[in-house]
Amino acid sequence: MLKNELPVEQEKIVLSGEVKSGLVLVDIVNGFCTVGSGNLAPQAPDKQISGMVDESVKLAREFCKKNWPIYAFLDSHHPDIPEPPYPPHCIAGTDESKLVPSLQWLENEPNVTLRHKDCIDGFLGSLEKDGSNVFVDWVKANEIKVILVVGICTDVCVLDFVCSALSARNRGLLPPLEDVIVYSHGCATFDLPIHVARNIKGALAHPQDLMHHIGLYMAKSRGAKVVSEVSFGI
Ligand SMILES: [Zn+2]
């Protein structure tokens, strides 16, 4: 019903060398993507999440082949600092806060900037103590006009980052950035259906397909472009 009432039309995009593009990977770490890897990891194989990882790997390979910039967030928390409302997850230095096995090769690629963050919104998580912002500097230094965003969760960390990036762009803080693009098949969220949530005290229901859709809808409503296909021109 919601999908009929809140449709999200998706475009197709062709990226070419003429318009400088950057790929943003949001939290494609074991603690959110690898079965059994902690409190917020899937407990069983999950099609949406594994599909997101596969699409992200393909894009990362293509960007690296072209030597285009990649910015990868890694959720990473100090063991003594909780992140309510979530249970402990992605503790710094553990496997949970590492890129999934199929993306670990990115750690050695010269075009990749890794950013550990200890909050939901990666834009805020890119702030340094001196007030500078590593993400803003990355956009400027690489003269990026388009960012393509993928990762997890569509309606949480992806959405918050996209909203902040759009606000920052609109305030003139992110030159020369023009477009924030969310690739739907490159995003995923977790599944906590109502019948499970009902038995967990204080838990909010979070049906995966619907919340993924709502994440895309919210991103689009804030001014992001949502695409269902990404290809590469000459
Ligand atoms: Zn976190």
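C153 is placed in the loop that runs between β5 (146–152) and α6 (157–170), where helices (H or I, at least four residues) and strands (E, at least two) are DSSP runs numbered from the N terminus. The model is a predicted one, in which local features need pLDDT of at least 70 and side-chain atom pairs count only at pLDDT 80 or more, while totals for chains, interfaces and linings use all residues. Residues are numbered from 1 along each chain as its sequence is written. Most residues other than glycine have a negative phi, and most peptide bonds are trans.

**Cis peptide bonds**

- The peptide bond leading from I152 to C153 is cis, its omega being near 0°.
- P175 and P176 are likewise joined by a cis peptide bond, with omega at about 0°, and P176 has its place in the loop between α6 and β6 (179–188).

- D27, a residue other than glycine, has a positive phi near 55°, and D27 is found in the loop between β2 (21–26) and α2 (30–33).
- N67 is not a glycine either, yet its phi is positive at about 60°; the loop that holds N67 lies between α3 (47–65) and β3 (70–75).

- D27 counts as buried because it has 26 C-beta neighbours inside 10 Å, the term requiring 20 or more other C-beta atoms within 10 Å of the residue's own, with C-beta atoms placed from the backbone.
- N67 has 9 C-beta neighbours inside 10 Å and therefore counts as exposed, a term that applies at 12 or fewer.
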